[in-house]
Amino acid sequence: MRALLDASIALVNGLTDGEARGRAYLAPEGAERVGAVRAVLNAGADLGPEAADHLAATARALRTIFEAVAEDRLDEAVPVLNAILQDSGARPQLDRAPGEPWQVHFHGADDSYAVGWRAGCATGLAMAIGGDYAGRLGVCAAPRCDRVYVDTSRNAGRQFCSTACQNRVKAAAFRARRAG
């Protein structure tokens with residue numbers, strides 16, 4: 001589940017417009033989008049523009065889920081997530097690549113790469129929302145940052161997407177105290 005949540009975070013943060021670490025962020029387009037998806041999912045050269053576009057649309061839908069959950073609007077997040085699950089045909093099954101151990105996948109062997117990741121990411125978020133990570137999906141609390149995260153800390157106290165944003169906020173608070 002953790003790998004699916006990490007993939008969801010990486011897709012949302014890499015493929016959606018917004019703000020990141022105090023700067024405007026524009027999601028990559030065209031060939032750059034293909035490269036970004038390949039990097040995020042460690043995909044091979046067989047991933048093309050159509051799959052990248054499909055996963056960018058998935059990322060935008062996943063962002064709405066993260067934002068709704070972070071604002072405690074589960075009744076808005078769940079229908080979107082259920083629609084993705086149904087659209088992708090998510091279904092658990094064991095698959096094995098030659099020379100690899102059996103792994104749980106949430107798509108059929110004949111599904112495209114993009115549909116497989118869409119099903120997997122949606123399933124990971126569904127397991128998080130319906131399980132131990134309910135309420136731990138978040139959007140960075142730093143000014144001018146809207147990147148998402150899953151809080152896996154013991155005390156469920158995470159507020160920032162990264163230590164860079166956390167340090168930026170702490171430094172600004174320190175400068176404000178010194179000035180005042």
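## Exercises on a helix pair and a pocket

In this predicted model, the crossing of helix 1 and helix 2 is right-handed.

**Exercise 1.** Determine whether helix 1 and helix 2 are roughly parallel or roughly antiparallel, and state which residues bring them into contact.

*Solution.*

Step 1. Two packed helices are described by the angle between their axes and the distance between the axes.

Step 2. Helix 1 spans residues 2-15 and helix 2 spans residues 30-41; their axes come within 10 Å and cross at roughly 155°. Since angles over 145 degrees count as roughly antiparallel, helix 1 is therefore roughly antiparallel to helix 2.

Step 3. On the side of helix 1, the residues in contact are A7, A10, L11 and L15, and they meet R33, A36, V37, V40 and L41 of helix 2. Sorted by class, this contact holds 8 nonpolar residues, no polar residues and 1 charged residue.

**Exercise 2.** Describe the largest pocket: its volume, the residues closest to its centre, and the elements that supply its lining.

*Solution.*

Step 1. Rolling a probe the size of a water molecule over the atoms shows where empty space is left.

Step 2. The largest pocket contains about 360 Å³ of space. It is lined by 16 residues, of which L4, V104, H105, H107 and W117 are the closest to its centre.

Step 3. At least two lining residues come from each of helix 1, strand 4 (103-105) and helix 5 (113-129). Helix 5 gives the largest share, 4 residues.

Step 4. By class, the lining comprises 8 nonpolar, 7 polar and 1 charged residues.

How values were computed:
Residues numbered from 1 in each chain as written. Predicted model: local features only at pLDDT ≥ 70, side-chain atom pairs only at ≥ 80, totals over all residues. Heavy atoms only, no water. Axes fitted to C-alpha atoms, helices over the stretch in contact; angles between N-to-C directions. Parallel < 35°, antiparallel > 145°, perpendicular 65-115°, else oblique. Left-handed = near helix turned anticlockwise from the far one by under 90°. Contact = heavy atoms within 4.5 Å. Nonpolar A, V, L, I, M, F, W, Y, C, P; charged D, E, K, R; others polar. 1 Å grid on protein atoms, 1.4 Å probe; cavity = no way out; pocket = protein on both sides within 12 Å on 5 of 7 lines; lining within 4 Å. Points joined across faces, edges and corners; volume = space filled by probe spheres on them.
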